[in-house]
Every structure is written in structure tokens, then in C-alpha cells.
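Student: Hi! I'm new to this one. Could you walk me through it?
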Amino acid sequence: MTLLNEFREWQDKLLALQQEGEKLYTQIEELERQNAELRQRLANGDAGGGFDALTSLYEEGFHVCPESFGQSREDECIFCLNFLLHKGKK
Ligand SMILES: [Zn+2]
């Protein structure tokens, strides 16, 4: 392999790494945004709303189960549903 070819190969790798880094950065930004939103709600006293707050949090697409609390969910979560069901039976 010539030195120039080797250089180009490294350049490609660097570019791929940079793109990967940008993707990660975007994901981190999104997670931080969600995190800030959740913290804001807790600070606003939504936590005092108890069961209703958890239910609406779930409906807005977040986990409320202890396993993945606060993470965004795409499908129905059996743990969340189970959790809400038992909390509702006070
Ligand atoms: Zn869940």
C-alpha cells in the first residue's frame, strides 16, 4: 500500500468517526432535553399530583415503571401498566 493510499484510508476512518460522534451528540442533546423536562415537572410539583401525574407521563410516552423510569417508550410497557394498575388500587 502506498503512503497516499494509507493516508486516504485513515482520512475515511476519521470522517466516519466524526459522523458517529455527531450522531451521539444529537442523541445526548435529546436525552438532556427530556431529562430537563422531567426534572422541571418534578420541580413544579407534578410529583405531588401522584397517580394522575404518572398516568399522564405514561400517556405522553414516558416510562413510569421502576425498571426504566423517565425513559421514552415507543410501545406499551407491561411493567408500566402493571405499576399504574397497582397504584390505582389504593
Ligand atoms: Zn415501563
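Tutor: Happy to! One term to start with: a nonpolar core is a set of buried Ala, Val, Leu, Ile, Met, Phe, Trp, Tyr and Cys residues joined through C-beta atoms within 7 Å. Buried means that 20 or more other C-beta atoms lie within 10 Å of a residue's own, exposed means 12 or fewer, and partly exposed is in between, with C-beta atoms placed from the backbone. This is a predicted model, where local features need pLDDT of at least 70, side-chain atom pairs count only at pLDDT 80 or more, and totals for chains, interfaces and linings use all residues. Residues are numbered from 1 along each chain as its sequence is written.

Student: Which residues make up the largest nonpolar core?
Tutor: There are 5: L54, L57, F62, V64 and C80.

Student: What does L57 touch, leaving out residues up to four places away in sequence?
Tutor: L57 touches F62 and V64; contact here is C-beta atoms, placed from the backbone, within 7 Å.

Student: New topic: how many residues of α1 are buried?
Tutor: The count is 0 among its 41 residues. Helices are DSSP runs (H or I, at least four residues), numbered from the N terminus.

Student: And F7, buried or exposed?
Tutor: F7 sits in helix α1, and it counts as exposed because it has 11 C-beta neighbours inside 10 Å.

Student: How far is F7 from F51 in space?
Tutor: They are 60 Å apart, C-alpha to C-alpha, and 44 residues apart in sequence.

Student: Which element has the lowest mean pLDDT?
Tutor: Helix α2 (residues 51-59), at 85, while α1 has the highest, 91. pLDDT is the predictor's confidence in each residue, from 0 to 100.

Key
Helix = DSSP H or I, 4+ residues; strand = E, 2+ residues; numbered from the N terminus. Contact = placed C-beta atoms within 7 Å.
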